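Visitor: I would like to learn how to read some features of a protein model. Please take them one at a time.

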Amino acid sequence: MSTCVSLIPPLFEESCLEDYLKSGRTVSFTLRPTANELALFATPLDADFRTGQPTSQNYPKEQDVYVTCWDEVPTSERRLFITDTSIIFAAFRALVDHVKTNEPELMRAMEYMTAFRKLAGDYITHIQECWVHASQTISRPQEDTRFTGEHYRSMYTSLSIFQTLYLPEEGIDDVPVGDELLEWLNTHFIEPSTEEGDQLSALEKPWEDETFWQYLIRVTLRGLTKSSIFFLQALSQHPSEHLQMISEKLVSILEKHPRQKNYATEKEFFTASRRWKDRAKALRLELDRVPDDDRQDEFENWWDNISDLLGIIEGRAEVLQRVCVELGGDWKEIICTWGVWIDVGLRRAELPDIAGRVMYDVPSDPSSKEDSLHADLFLGRPLQALSVAHDIDVWLAAHLADIMIPLGLLDSETDDESKLTIRDQYVIAYADYLQSDPGLWRHTVDYLCSCGPVGHQMADEILLRVPLRLEESAGKHDAETSDGDLAEVVKDINNTCFEYQREPVRRMICKVAAQKLVMMKKYGLAISYCLSAEDWPGLGRIVDRVLNEYIAHGPSRFTSLVADIAPSLQELQVEPGPHGVFVQRLKFAVRYAEFHHRSRSGAVDYAALDLISMFEEDLAPKSWWGVLLNDSTPFLQNESTLYFSAADASLLLRRLEEVKIQTDHGYGDDYLGVLARTMNLTGAKEALKRLDVLRICLARYFARCILKGKSRIV
Amino acid sequence: MPAAMASDSIPIETAHEDMIHDAQLDYYGKRLATCSSDRTVKVFDVVDGEQKPGSGHTLKGHAGPVWQVAWAHPKYGHILASCSYDGKVLIWKEEHQQGQARSAGVWTKVKEHNLHSASVNSVCWAPHELGAIVACASSDGKLSVLTFKNDGTWGADIFNGHAIGCNAVSWAPATIPGSLITPHQTSLPGQPAQSPAAVKRFASAGCDNLVRIWGFNEETQAWVEEETLEGHADWVRDVAWAPNIGLPRSYIATASQDKTVLIWTKDSPTSPWVKTALDPSSSAAATVTPGAPPAPAGRFPDVVWRVSWSLAGNILAVSCGDGKVTLWKENLKGVWECVNEMSS
């Protein structure tokens, strides 16, 4: 079935379509990746439009884009239904997976069938609640037009009959099903109405009412014995003595109608039923003896009606079928009363055959999807049933198909072309529908991840496109929000990925989150996401960004940014891995920030140690050597204290020499590029000149070391 | 009998001064980029289908009508590509100012690609697994592929695509269909990520009525024409390669001036492409304008303008010159059915 969606307000009036098209315009679109939505807009179609000429003289000024959904977005009630039933779905899946893994041969054992029945019952309860709720809110015009009370009622009747037919109580399939079918019929298709009964019971001579006999036969047919007896007893006042006598005997027969639940064994039940029917047959002989002139009162031929009633009690199939049709009943009424009146031993396995025969004479209503679905379920045609259920509601088809799998009603093999089972195809169709509301992504993923590798792939695409909302949360509580809260959505997606083992997806989301956080200059959190994604080049790029902050803005902002990323380093040192070069870069950034922090806070001697250690441990990238050497100058110039040992000073001199030699060879930018940028110099050569001061300082420093006569003075 | 539905929404007023040629929603469906004959690209934040107030940006840089825009994968940041009648492809990047993460960023042009000698009609980013790569189709008959390198520079390959002109390009998924189904060890935290071999391949649509498939030969480091799909009787206006969702088949949809949409399927890397035409006569799409003659079977009432796959590749959207957008789905029997029709 296809659906037409019309835009309000319209892009153009329907009556103006021809003019619209004549103007050379058509409608183009783009799909929204995260929802069942598309953006529509008017665009020129003319084949020669690529002339590059402006087109504005021909077209209206407004250039609007319409974003519209091709599925109805679930209302709050529908969302609640979706959310609630997804919990049952998860429980059902967990149970099926458990049995499949541990005891696959016991999938249809009594214990598990009982559990499946219970869960199906939970679905039914929720649908029933929705039916009641939707029926009460029918007058609210803004509400969903598709999911009315009537819609949920048809789902309620359908899932209920599915449960009755395929999920027997206590998992026992091979028992008479008559009483259960009649109960389903009486629960969902109430006939005759209580009002009719009330009206008739208020009459002194109810048989004078034209509805009396129909009512009496139908309550009897429906097994509503109390009502049958009440009105049969009323016939004791009927002028015909024959009718008084027969109705009295009918009361006595109906009072003793054997019902399955009252017998301990099937054998006892069958014996009692047979004997009871013999009594009815005996009454038939008496009925036949009623003289023709006493078979009719002033209103009706009572004899014909009593004969029909007795025919049903005797178990005459042709009478039951004819009476049902005359009463306005359908095939369901015939089949659901069959097991009470015609064949008390009727089994589930016999139903498709009986249903087929009945429906040959009294077919189902093809205009009613609900009736067609019921028919397919009675006929034991699960595939056809699913197809109709899909037309009623994608929810129904998906959940029916899901239950059908452990019951063995569907082939669990995957289709060669689609690589999906029938069940998976319906569950994916439901997941497609869920995408109309991106807020339901967790449920969409849950359903998709129950559909094998293809479903998992689809779930990956959904997970990857859940907006991370980093910008929004950052803006809302800039001052008070901790970084932990900032990434709530990311954590949520991460957890889902862990649950379904979507590790590559989780890593990609962490990478994207890290990238976004870098843009927001939240480097600490960005690094923790990089680590989570094990994205080492990404880590390197973030450290470079932080180091660039130093170049652009100097040590103050740099040290505060590094304070943010320093804790990551401890985490990394605990977990060694193949990421040495990037960790080295992070270590350098942290040590260099520490150096600046100590210099500023007065711990100058420790700052000097930091500076030397960056050379000693080869932490400093060559591009930063110039900067570090330049930083060492004030320490060397300090007249009162010798912060470095002679060996330290020698190391500085060696590094300075290397920088000079490489610059002479034309590689100055590799060593002095950063220094040149921090000092706004024109290039490496100018930067090298600045380091001339250092050379003089070092010469003087060595002289002071010799004079002091010790290698290190603190 | 098609069911009717009304979609009530406030349109996004783009304030373009001329007709819009393309609109694209970003990876998360939260930002809309539009381009127009007014030579600009505009970017809007979209919340619940409506424009977030004050979120519009106008990107100026083209010297002619802008035909198409394309968003890069978010792992590269907020990056847009646009192509124009001026023969250029521009790459735009949004950067935020310090401490203004939430506020609107600043869009700057980070690359200008001007190797084409005529209008560039289509741009398409490659799957992110392949890197930051853009394919472009031009009226000069050439196709070009721009590759962003790690050192911040770009490389460009340019080669002949379709005589008369190239109309559209679309990348194949990065992984060969079916390869994701093959069981492999799931990556765990602490272990290096395992990914199937990536494939650099795209389809192009041209004024020579053909669709060509191009693959990158790693040995010769050159783009090679792998296959030619013949089936249209007029210009091929658009091509869309379906996303790979683990299905064993590859799908390509093409839309043509000849009023047909063809679905090309390939069951395995070695099997041939098989084409099927969408048949609007069997669906709601057949509801023609009163007075207009009905389209013959397998043909749309007018030129088919654009084709696009949904996220999971299970829905194909088609826009036709008759002012309607239809959505198509392959049913359980393998037949393509129209499931929705969007009209004004």
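Guide: Start with a pair of residues: B:Thr265 stands opposite B:Val274 in strand E23 of chain B. Strands here are DSSP runs (E, at least two residues), helices are runs of H or I with at least four residues, and both are numbered from the N terminus. This is a predicted model, in which local features need pLDDT of at least 70, side-chain atom pairs count only at pLDDT 80 or more, and totals for chains, interfaces and linings use all residues. Residues are numbered from 1 along each chain as its sequence is written, chains are lettered from A and ligands numbered from 1 in the order in which they are written, and side-chain values use heavy atoms, with hydrogens and water left out.

Visitor: In what sense do E22(B) and E23(B) pair, and over how many bridges?

Guide: Strands of a sheet pair through backbone hydrogen bonds, either parallel or antiparallel. Two strands count as paired if DSSP finds at least two bridges between them. Strand E22 (261-266) and E23 of chain B are antiparallel, with 4 bridges.

Visitor: Which strands make up the open sheet of chain B, and in what order?

Guide: The order is E20-E21-E22-E23, 4 strands with antiparallel pairing. At the edges are E20 (236-241) and E23 (274-277) of chain B, each pairing on one side only.

Visitor: Which residues of helix H16 in chain A are buried?

Guide: An α-helix has 3.6 residues a turn, so residues three or four places apart point the same way. Buried means under 20% relative accessible area, exposed over 50%, and partly exposed in between (1.4 Å probe, protein chains only). In H16 (382-392) of chain A, the buried residues are A:Pro382, A:Ala385, A:Leu386, A:Val388, A:Ala389 and A:Ile392. Seen down the axis of H16(A), they fall within an arc of 170° (taken from the directions from the helix axis to the C-beta atoms), so they line one face of the helix.

Visitor: Which helices do the buried residues of H16(A) pack against?

Guide: They pack against H4 (149-166), H15 (369-378), H17 (394-404) and H18 (422-434) of chain A, where contact means heavy atoms within 4.5 Å.

Visitor: Where is the cis peptide bond, and which residues have a positive phi?

Guide: Most residues other than glycine have a negative phi, and most peptide bonds are trans. A cis bond joins A:Glu191 and A:Pro192, with omega about -15°. A:Glu534 has a positive phi of about 50° and is partly exposed at 22% relative accessibility. For B:Ile164, phi is near 75°, and B:Ile164 is exposed at 64%.
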